[in-house]
Amino acid sequence: MKKVVAYIKESYDELVHKVSWPTYSELTNSAVVVLYASLLIALVVFAMDFCFQNFMEKIIYPH
């Protein structure tokens with residue numbers, strides 16, 4: 001049981017004194033970067049899917 005208590009105390013000490021937490025503006029900027037990257041990837045996947053669908057329709061159902 002002493003090892004568990006020591007582990008919890010050391011974990012708390014590390015989280016409070018040794019971890020460098022981001023500021024609010026850094027966190028906001030990171031969130032915006034992730035949002036834009038996610039949208040860009042979604043658009044690329046959509047474009048690839050759309051092109052592949054049209055290509056396959058022309059092969060399967062030629063007019």
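## A helix through an annotated region

Residues 31-52 are 100% helix and 0% strand, with end C-alpha atoms 31 Å apart. Helices here are DSSP runs (H or I, at least four residues), strands are E runs of at least two, and both are numbered from the N terminus. The model is predicted: local features need pLDDT of at least 70, side-chain atom pairs count only at pLDDT 80 or more, and totals for chains, interfaces and linings use all residues. Residues are numbered from 1 along each chain as its sequence is written, and side-chain values use heavy atoms, leaving out hydrogens and water.

An unreviewed UniProt entry annotates residues 31-52 as "transmembrane region". UniProt positions follow the numbering used here, feature names are shortened, and annotations may be inferred rather than shown by experiment.

**Helix α1**

Helix α1 covers residues 2-18. It has 17 residues and spans 23 Å from its first C-alpha to its last, close to the 24 Å expected at 1.5 Å a residue. The expected span is 1.5 Å times one less than the number of residues. How many of the 17 residues of α1 are buried? The number is 0, so α1 lies largely in the open. Buried means under 20% relative accessible area, exposed means over 50%, and partly exposed lies in between (1.4 Å probe, protein chains only).

M1, V4, V5, Y7 and I8 make a nonpolar surface patch of about 570 Å². Patch residues have over 30% relative accessible area and no salt bridge; nonpolar side chains are joined within 5 Å, like charges within 9 Å. A salt bridge puts a side-chain nitrogen of Lys or Arg within 4 Å of a carboxyl oxygen of Asp or Glu.

**Helix α2**

Helix α2 covers residues 24-60. The whole structure holds 1 aromatic pair. F46 and F50 form it, stacked, at 6.3 Å centre to centre and 20° between the planes. Rings pair if their centres lie within 6.5 Å; planes under 30 degrees apart are stacked, over 60 edge-to-face, the rest tilted. F46 and F50 are 4 residues apart in α2, so about one helical turn separates them.

Here are some accessibilities.

| Residue | Relative accessible area | Class |
|---|---|---|
| V5 | 36% | partly exposed |
| F46 | 55% | exposed |
| F50 | 45% | partly exposed |
| M48 | 56% | exposed |
| Y24 | 69% | exposed |

**Distances**

M48 sits in α2. Its C-alpha is 47 Å from that of H17, 31 residues apart along the chain. Y24 is also in α2.

Technical notes
Accessible areas come from the Shrake-Rupley method with a 1.4 Å probe; for residues, only the protein chains shown count as cover. Rings of Phe, Tyr and Trp (its six-membered ring) pair if their centres lie within 6.5 Å; planes under 30 degrees apart count as stacked, over 60 as edge-to-face and the rest as tilted.
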